[in-house]
Amino acid sequence: MASRLAVVSGGSRGIGRAVCRLLAESGCRVAVLSRSQEAARDAVASLRGDGHVALCCDVSRPQEVQRTFESIQKSCGDVSFLVNAAGVNRDALLLRTQPEDMVAVLHTNLLGSMLTCRAALRSMLRVPGAAIVNIGSVVGRTGSAGQSVYSASKAGLEGFTMSLAKEVASRDVRVNLLAPGFIRTDMTAGLEEAASLRVPLGRMGAPEEAARAALFLLESPYVTGTVLVVDGGLQLAL
Ligand code: NAP
């Protein structure tokens, strides 16, 4: 039997790249989505096993997402797992946030995940035990000064995740949200010291620590419509 196919948006770097690595190690074929073909290829080249593909796709562009998933269907078959790790931040106080930055954050983090879920879903309905993990954030639950738009995108993603979980549960597709705190990636460069002071466990998380939680959600057949917080206890301190 062919191995399961997993699609990971934002698989070129950070948490998404760690998710790709664990999925490949668990025997999945992985389709890595990035805005850069070269970055996606680089991620694929680092994966164990065969049958992985690199795709250039900006998740904020509806037609590009649709085309990408049509080509995945054609060349790789039905999608078992979808992980939405593509995300951007443009952190600033609201009064200093430009409207184009608001659009970029909402279109990538929220609309982007909606578009990939919509594009993958028909295929996933045919696969027993298919599952989606959207990557939200602890600040989508708590709020964060200087991150109002980013937090809104992640709070919106949580509502979207719960609603979609209800829509597709009867078809045996599970949808969950992973809510990381401070994870050491390009997105959090320079925040090491602030994080270690604020996080009860006293350190940032590694991308693999968030990725392991994503794998748990993908592989747990009785878990849907839930939020898994992976934040070293940060929520306790907010
Ligand atoms: P990262 O290292 O900056 O990686 C972001 C990824 O998103 C890259 O692979 C990037 O790929 C991709 N991406 C960005 N815009 C895209 C677009 N329009 N279309 C397709 N791909 C796009 O960030 P990270 O820390 O791993 O974050 C991963 C997810 O976790 C994000 O949703 C982030 O909001 C969330 N998160 C992170 C933390 C943290 O502490 N790091 C905490 C909470 C939540 P290319 O640049 O190659 O296109």
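By class, how many nonpolar, polar and charged residues does the shell around the ligand have? The shell has 13 nonpolar, 11 polar and 5 charged residues, where Ala, Val, Leu, Ile, Met, Phe, Trp, Tyr, Cys and Pro count as nonpolar, Asp, Glu, Lys and Arg as charged, and the others, Gly among them, as polar.

The model is predicted, with local features needing pLDDT of at least 70, side-chain atom pairs counting only at pLDDT 80 or more, and totals for chains, interfaces and linings using all residues. Residues are numbered from 1 along each chain as its sequence is written, and side-chain values use heavy atoms, with hydrogens and water left out.

Let us begin with the sheet. Strands (E, at least two residues) and helices (H or I, at least four) are DSSP runs numbered from the N terminus, and two strands pair if DSSP finds at least two bridges between them. Strand E4 (residues 81-84) is joined to the parallel strand E5 (residues 131-135) by 4 bridges, and Asn-84 stands opposite Asn-134 in E5.

Now for the ligand. Of the 29 residues around the ligand, Arg-13, Ser-34, Tyr-150, Ile-183 and Thr-185 come nearest; a residue is near if one of its heavy atoms lies within 4 Å of the molecule. Helix H1 (14-25) and helix H6 (148-168) each supply at least two residues of this shell.

An N or O atom in the side chain of Thr-185 is 2.5 Å from a ligand oxygen, and one in the side chain of Ser-12 is 2.7 Å from a ligand oxygen. For Ile-183, a backbone N or O atom lies 2.7 Å from an oxygen atom of the ligand.

Terms used
Polar contact = N/O pair within 3.5 Å; in protein donor to acceptor, adjacent residues only side chain to side chain.
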